[in-house]
Amino acid sequence: MQLLILLNSILYYAQSNKQDSLEGVFTYQLRAKFDKRTDNRYKELFTLQVGEKRAFFASTVSLKGDSVMENSRVTTKNYDGSITLSYKEEVVIPKTNFNFTIIQSYENVQYFDSAFMSLLTYKEPVIKNWKLVNETKIINTINCKKAEVTFKGRNWIAWYSPEIPFPYGPMKFSGLPGLIIKITDDKGDFDFELVKSVPNSKLKGQLISIKKSRYVGAVETTQAKMKQAQRDADANAAAVLASYGTTIIKGQEMLRQREKQKEENKKYVNPLELTN
């Protein structure tokens, strides 16, 4: 029995570490209203890398940050035989608020993100309650069909293309008979649109380039527990900062003002998912 468990563990590890052949690369632009107090739209690009049996979705800026860190790492051997890892001083690592990774497959959607030093993950089933609508539109020269769904508290309108036979799309939106080209909630607060794709002819022999550290070895949990762990991590970080400022009155006041502003901002947060 122990041998069987060991073999299964080795097989699972090998499968999770296997590099997927690259069959499609698509770039989406997000236009989002994250703050209810303004009509300004935040913009960011996201990348969808499609493999043989699954697709990886992540912020383009976040992926660029991974690449910069990988290429600027410096390894120093110390006199006592130890090794110190650092980064080149002149290197600037691009910042984003979207450090998550989403893996879509035919069976489920798996979300990965960190809470302090821990990588966490949770799974959700592929959306099954799409309503296919007999309506067509051409978006960026692509022939599209319409679909609608209510997901996580919002009503969404999607335009997908059967001509691009991948059942994937941005974020957790998948399960349609074709790649999602554009998807918008009915209030117009969030909009993902395909703005770039790489021809399949240019991808021959290439592999998925998402770092395995983004998804291998994650601790499985639920969406609610992940959010709580992230809130706890933020609170602990604030407490540590406060401890450094205990003897500095001005520093304490700055921290209090920061926390007050943070609490005030919570009232106006407009998340993409309204429910877990």
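How many aromatic pairs does the count come to? The count comes to 18. Rings of Phe, Tyr and Trp (its six-membered ring) pair if their centres lie within 6.5 Å. Planes under 30 degrees apart count as stacked, over 60 as edge-to-face, and the rest as tilted. This is a predicted model, in which local features need pLDDT of at least 70, side-chain atom pairs count only at pLDDT 80 or more, and totals for chains, interfaces and linings use all residues. Residues are numbered from 1 along each chain as its sequence is written, and side-chain values use heavy atoms, leaving out hydrogens and water.

Take Phe 34 and Phe 190. Their pair is edge-to-face, at 5.4 Å centre to centre and 70° between the planes. Phe 34 sits in the loop between strand E1 (24-32) and strand E2 (42-50), while Phe 190 belongs to strand E13 (residues 190-198), 156 residues apart. Strands are DSSP runs (E, at least two residues), numbered from the N terminus. Phe 190 is buried, with a relative accessible area of 0%. Phe 34, at 30%, is partly exposed. Buried means under 20% relative accessible area, exposed over 50%, and partly exposed in between (1.4 Å probe, protein chains only).

Next come Tyr 111 and Tyr 122. Their rings are stacked, 5.2 Å centre to centre with 20° between the planes. Both are buried. One aromatic cluster includes Phe 34, Phe 190, Tyr 111 and Tyr 122.

Now the core. A nonpolar core is a set of buried Ala, Val, Leu, Ile, Met, Phe, Trp, Tyr and Cys residues joined through side-chain atoms within 4.5 Å. The largest has 44 residues. Strand E10 (residues 142-151) gives the largest share of this core, five residues.

Methods
Helices (H or I, at least four residues) and strands (E, at least two) are DSSP runs, numbered from the N terminus.
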